[in-house]
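Please look over the sequence and the structure shown below.

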Amino acid sequence: MGCNSDGDNDSSSNETSTSRFTLSGNIFVASNTAKDSDVNDVNTSERSNNNEYSAQRIPNPVILGGYVNQPGSGSNGSLKIIGDQNDFFEVDLRTGQTIALFVANQNLGNNDLDLGLIKSNADGTTTIVDASVGEGKAGETEMLVVPSDGVYFVQVQAYLGASNYILSIGQNLSVTYHGMRLSDDFVPGDVIVKFAADGILHAQSITTGMHTKSTDTSRRMLFSLDPNQSRLLTATRQLKFVSPEHRLKYETLMKIKQLRKRADIIEASPNYRLSALRVPNDPNYRYQWNHPLIKLAQAWDITIGDPSVIVAVIDSGVLLRHPDLQGNLIQGYDFISNVDISLDGDGLDPDPSDPGEQFPGGGSFHGSHVAGTIAAVTNNNNGIAGVAWLTKIMPLRVTGEGGAGYDYDISQAIRYAAGLPNDSRTVPAQRADIINLSLGGPAVSSGFQELMNEVRDAGVIVVAAAGNEDSDVPFFPAALEGVISVCAVNINKERASYSNYGYSVDVAAPGGDNTPDINGDGMPDGIISTVGDEVGDESGRQTIEFTFRPLEGTSMAAPHVAGVISLMKAVNPGLTPQDVDALLSREKITDDLGAKGRDDDFGYGLINAQKAVLAAIEVSGEMVPQPLPQLIVTPRALNFGLNRTSATITLSNGGGEELYIENINVGGAEFLSWQGSGLSDYAIKVDRSHLTTGTFTSTITITSNVNVVKIPVILQVGDPNITGDAGFHYILLIDPDTLETQETRATAKDGVYHFKFDSVARGTYIIVAGSDFNNNGFICDAGEACGAFFTLDDPTSLDINAYRDNIDFSSGFNVNFLSKTTTAVGIKSSPQGFARPIQTHRFQ
């Protein structure tokens, strides 16, 4: 799938007369990555952690992969017979942190894992503080919140069956302030009241000094203080206020305090003004650091999109029944003409669904991930939030087995999306407004530029991924004239290590990095979106479950831009490709990064959704709304781990009026310091020299003239020899044509796996690496570590005709979040067993 190209940057001068070569490189894992010390893999050395006395010490925050099983359950391996029912981990925790257990898909319907939190007492005994003992089946999550600071034991237990798992400990970024402050923005004199069922008869007793127009006491009611009598309700005569409005606000809060003490009242609250940021209720929104990075919440206060706007996703197809996509999909088409790679048994057809089973062994569901980033069904209490809540997706399938797709098929899909004649002999009822191409290669046919011109003439805006080769070599179709080429940045707004750059790059957007956990939320900083997970039972029958997973790549960056442009079209339906070009070149829709003005690393800068929507309104000639000032800080939390000493946060104004910084406080933490001024990037530094071993937290409180933002900070001081370890790794060199595989193995040292392949024949290969905790002969199961060169989303082909070194990439744990609606699709059988994405058979 997209972004495949020649990865060979070595000179042919290294070539000798032999046709065999040596390949070597390094695999990196984040410092807060850890592995269970006893797993089922027969090739690993095990250390028991089965009780409190042998508990394994782990860092905080942490992303840990492990395996537990009942005796006799699971694959043959070190633990098959004796079992490993409990894993205990000792960890220094802080109040409010979240502990999440992600149960992997190892034995569908017959595994059940539980999560416990245990405190050690002064007399040597232990006490169960909390436990999450739901059904804990495959793909589900158990979660606990730490009640107070201290050293705890975290227990993972196999109640039934056998399973890989991911244990995540991180900062709770979803915690909000629920108190009442005079400075809060609410209507002076208004009180919202909800009576208990047995208290309705007493409703009249609160109306002294209040009145209401509501008559239905079975629901929430709005009361108003009588301004002529309100002072009789509170002792405020001796207090001085800056204005009568402030006095009334104070009296309102005091009245609410009185009402909250009554047993017959369920709720008493201020009537808050909700011109503040629109925040969706999707449970995995807490992991979408990419949204505040491009000021999406501020854009959503203006528009959440329009169902008349259509984005064509030309990709691997889409999971049409995914519950976080289904409501925003319209009719699409399958343009794969080659039956050998189609995976659905035919050529062109009107079914653009992704059947999975893409090379090397499982479906990447790349198109579903892209579609979800643009327009996942949002605010439905499920999954994630899309960039544009109401935009419609036209799924067009062009890539099949192994992510393979062809120039001609892609061109036909583009023509269809634009409402132009094509090989399907049909056109959509309404053409697309925007086309997203998260695919490409080193060259396209000579007629592709003419096609792009024709599409632009039809009024369609084309967005494409810049490529994942860390190269300035032009990547097509992104490098064509009239196509918006999107490079990728990480959570720190730095160019991602894999992202292409160069003269053809137009704009940057979040593409993610699955190695670090900069904000300490307990998850890698990839882009989480909608995918599927192919699961199977012992009979070989498989289904596709609807899940969510973080990926990285310019393929993930491009749909952010496509989604933002769809928001622009929502407020200005007449917006043209030429309008977008002009706004981009004038930096009206971006925040400048790197060298001032356009540069080859970031183009015209990072896409800014709020600026883009306001600019589109301005182009339409309509009156541009003036957003209220709002201090925005990204990232929303900082994790310094065991060895990081510095980090960067960005302070900006999410509105249009004056905003200035009044104070920055590090909460009395002498180990923290900051440097910066005004609305800009600030350097946050840590000094561990006077700290003892343990976990340390603080909060950076940033006060502006408008609002206050709190940034949680966490770090550790511990054994300097403790570094990232994602478990014993199998590194596979795969010929994509023959599937012939060479294997080497490695263990982590200082957070790095070094690998080498000797005597490699001339040819084209991909490299995939991962762990096999359950010892089933496959790497990269859910709950196991996985990585690929350059990115796991889309392994890059290596053309080998010389010695190669520095083949470097990252590995991390493969986490799938299960959708609340888990209806499976695509039932099929496999005589050789099931392979998950990317899940490749290894040698025993």
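## Residues with positive phi

K493 is placed in the loop between strand 21 and strand 22 (507-510), where strands (E, at least two residues) are DSSP runs numbered from the N terminus. Phi of K493 is near 65 degrees, a positive value in a residue other than glycine, and K493 counts as buried because its relative accessibility is 17%. Buried means under 20% relative accessible area, exposed over 50%, and partly exposed in between (1.4 Å probe, protein chains only).

D470, in the loop between strand 20 and strand 21, also has a positive phi, near 50 degrees. At 32% relative accessibility, D470 counts as partly exposed.

## Basis of the model

This is a predicted model, in which local features need pLDDT of at least 70 and side-chain atom pairs count only at pLDDT 80 or more, while totals for chains, interfaces and linings use all residues. Residues are numbered from 1 along each chain as its sequence is written, and side-chain values use heavy atoms, with hydrogens and water left out.

## Cis peptide bonds

The peptide bond from F476 to P477 is cis, with omega near 10 degrees, and P477 lies in the loop between strand 20 (461-465) and strand 21 (483-489). Another cis peptide bond runs from N60 to P61, with omega near 0 degrees; P61 belongs to the loop between strand 3 (56-57) and strand 4 (62-69).

## T530 and its surroundings

T530 is part of strand 23 (residues 527-536) and, at 0% relative accessibility, counts as buried. Not counting residues up to four places away in sequence, T530 touches several residues, including H322, D324, F365 and S368, where contact means heavy atoms within 4.5 Å. The side chain of T530 reaches the backbone oxygen of S368 at 2.7 Å.

Notes. Helices (H or I, at least four residues) and strands (E, at least two) are DSSP runs, numbered from the N terminus. A polar contact is a pair of N or O atoms within 3.5 Å; within protein, one must be able to donate a hydrogen and the other to accept it, and residues adjacent in sequence count only if both atoms are side-chain atoms.
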